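Dear colleague,

Please find the structure below, together with its sequence. My notes on it follow.

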Amino acid sequence: MRYKLLGKTGLQVSELCLGTMTFGEDWDFGASLQESKKIFTEFYDRGGNFIDTANMYTGGTSEKFVGEFIAAERDYFILSTKYSLNTRPNDPNGGGNHRKNMNRSLESSLKRLNTDYIDVYWLHVWDFLTPVEQVMRGLEDLVCSGKVLYIGVSDAPAWVISQANMLAELRGWAAFIGLQIEYNLIDRTAERDLLPMAHSLGLGVTAWGPLAGGVLTGKYVKKEADIEILDSKRGDWLNSERLHEKSFLIVDALAKVAAELECSIAQVALNWIRQQPGEIIPIIAGRTSDQIRENLDCLEFQIQPEQMSYLNEVSKIDLGFPHEFLASEPLQDALFGDQRALMDTRPRQI
């Protein structure tokens, strides 16, 4: 395991992050306390120090398990958790980005995690209701209290995050240092705006769903008009939008590269993310320690450049307007004139 700087924090985090949404059996899928401990130990023994959880994962059980597992070496771990989603379904203020839910959620998380501070506190989902200045000032107060060291944002539009960080910079408040997004070979839409924004603003990026809910492990095969699930133990919660014709073409391409590299399909899918520009950190998760061990073994090899090009081509998306328009040759000629070939026109970071 190697370590990477997380955004502009100076923190050294492991190049893989352990996702713990499977810790606990409160939902239709998940691992027992004993199996969760094995998963955690496997990650820790390989040098992992970056842990991802959330206040609502398995009804709070995930945070309780994580708190127990890290207790002996709390300061070694970069612990991250989230708030936003409703944990009190009958309470209209039981979710959202506002201060009431923010403060209540943090205090509850600290108790379950049995710690007095969170390394990275993520806003889980943008609610489009709470004013951005209230969100950022509320998070600033948490940082000033010492209960939160850094803040990050997940599942939000690029324009919201840019506005939030500019406001924080102008007012001298804590700004988002990290971005958490869904990103994998099946869903590359973050390449349109979110990833360019993150790279421009110096945000660390973590990718949830790196295996697209199991699709990129080869557990699903298409037989004529039907889809067969090869792993019958898996819960039926997978988003059906991930299963389409292109998905199976991508899995076939992964299988070809995996055969060439003598590794698993999942390991290739994880390394495709690890080898993207900007040093994206995949969040790995599983129901068993064997699954985590297999994921961790992606650290043992690299995908070759020609193989990366092949996977990029099979999975490419249309960037759409304005990106393709701005990159078009006629517009570039109109913008820079006859001397374009002699000019340095590489995009600059803000």
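Predicted model: local features only at pLDDT ≥ 70, side-chain atom pairs only at ≥ 80, totals over all residues.

Residues are numbered from 1 along each chain as its sequence is written, and side-chain values use heavy atoms, with hydrogens and water left out.

Thr-58 is found in the loop that links β4 (50-52) and α2 (61-70); helices (H or I, at least four residues) and strands (E, at least two) are DSSP runs, numbered from the N terminus. Thr-58 counts as buried because its relative accessibility is 0%, where buried means under 20% relative accessible area (1.4 Å probe, protein chains only). A polar atom of the Thr-58 side chain lies 2.8 Å from the backbone oxygen of Phe-23. Beyond neighbours within four places in sequence, the contacts (heavy atoms within 4.5 Å) of Thr-58 include Met-21, Gly-24 and Trp-27.

Helix α5 (residues 158-171) has 14 residues. Its buried residues, among them Val-160, Ile-161 and Leu-167, pack against α4 (132-145), β7 (148-154), β8 (176-182) and α6 (194-201). After α5 comes Gly-172, with a positive phi near 75°.

A nonpolar core is a set of buried Ala, Val, Leu, Ile, Met, Phe, Trp, Tyr and Cys residues joined through side-chain atoms within 4.5 Å. The largest has 84 residues, of which Met-136, Leu-139 and Leu-216 touch the most other members. Apart from it lies another core of eleven residues, including Val-13 and Trp-122.

With kind regards

Methods:
Buried < 20%, exposed > 50% of the residue type's maximum accessible area, 1.4 Å probe, protein only. Polar contact = N/O pair within 3.5 Å; in protein donor to acceptor, adjacent residues only side chain to side chain. Expected span 1.5 Å × (residues − 1).
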